[in-house]
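Keep the structure in view as you read.

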Amino acid sequence: MSIVVLISGSGTNLQAILDAGIPIKFVMSDNHNAYGLERAEKRNIPTLSQPRLKSLEKSVTKLCKANNVDLIVLAGFMRLLTPGFVSKWKNKIINIHPSLLPAFKGAHAIKEAWEYGVKVTGVTVHYVNEQMDEGDIIAQKIVNITKKDTLETFEEKIHKVEHKLYPTIIKKLLNDQNTN
């Protein structure tokens, strides 16, 4: 039971996964300066940084096959994976998104939901497919926006839900794979 985590930035979802005690074989990034790489190194988890997507995907495939990795977890990975890679790892790549998909796809979902004026949004964990934020939904959790919220407090609420939901779902998927 282990995962590989792909990141692009600070790694707050990675930190939630680390804090939940989920075994991580590698943390990989398309950004040499991603703070999430430091988070992993502090836990003695091997890291790899490769800005070229095809090279990163080849490295991920090689390491996953060599280490019997059960799941590829995107945690703030801001690139669209290639169709060939996604099909090779069908139903083995998951992502978390800060909206109730299919609403507010893409990199600015929190701000778009806020600006649109929705009163209810949330967080979605889904399988990755060839399209952006369109894979089969695994779980969703609602987040209410109140009159007292600012964009900043709303964003904090979303991240708090992400940091609880994602590790829970990862553990469930790993457990389900172990029992099959």
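Ser2 sits in the segment before β1 (3-7). This is a predicted model. Ser2 is buried, because its relative accessibility is 6% and the cut-off for buried is under 20%. Which residues does Ser2 touch, leaving aside those up to four places away in sequence? The contacts are Pro23, Lys25, Asn67, Asn68, Val69, Asp70, Leu71 and Leu174.

One of these contacts, Leu71, leads on to strand β4 (residues 71-74). β4 runs parallel to β5, and three bridges join the two. Within this pairing, Ile72 stands opposite Ile93 of β5. Helix α4 (residues 83-88) belongs with both strands: β4, α4 and β5 form a right-handed β-α-β unit.

Now turn to β5 itself, residues 93-97. Five of its five residues are buried, so the rest of the structure largely encloses the strand. In a regular strand, side chains alternate between the two faces of the sheet. In β5 both faces are covered. Ile93, Asn95 and His97 are buried on one side, Ile94 and Ile96 on the other.

β5 also pairs with strand β6 (residues 120-127). Here the strands run antiparallel, joined by four bridges. Asn95 has His126 of β6 as its bridge partner.

Helix α5 spans residues 109-116. Its buried residues are Ala109, Ile110 and Ala113. Viewed down the axis of α5, they fall within an arc of 100°, so they line one face of the helix. Gly117 follows α5, with a positive phi near 90°.

Key. Residues numbered from 1 in each chain as written. Predicted model: local features only at pLDDT ≥ 70, side-chain atom pairs only at ≥ 80, totals over all residues. Heavy atoms only, no water. Buried < 20%, exposed > 50% of the residue type's maximum accessible area, 1.4 Å probe, protein only. Contact = heavy atoms within 4.5 Å. Arc of directions from axis to C-beta. Pairing = 2+ DSSP bridges. Right-handed = clockwise from strand over helix to strand, strands pointing away.
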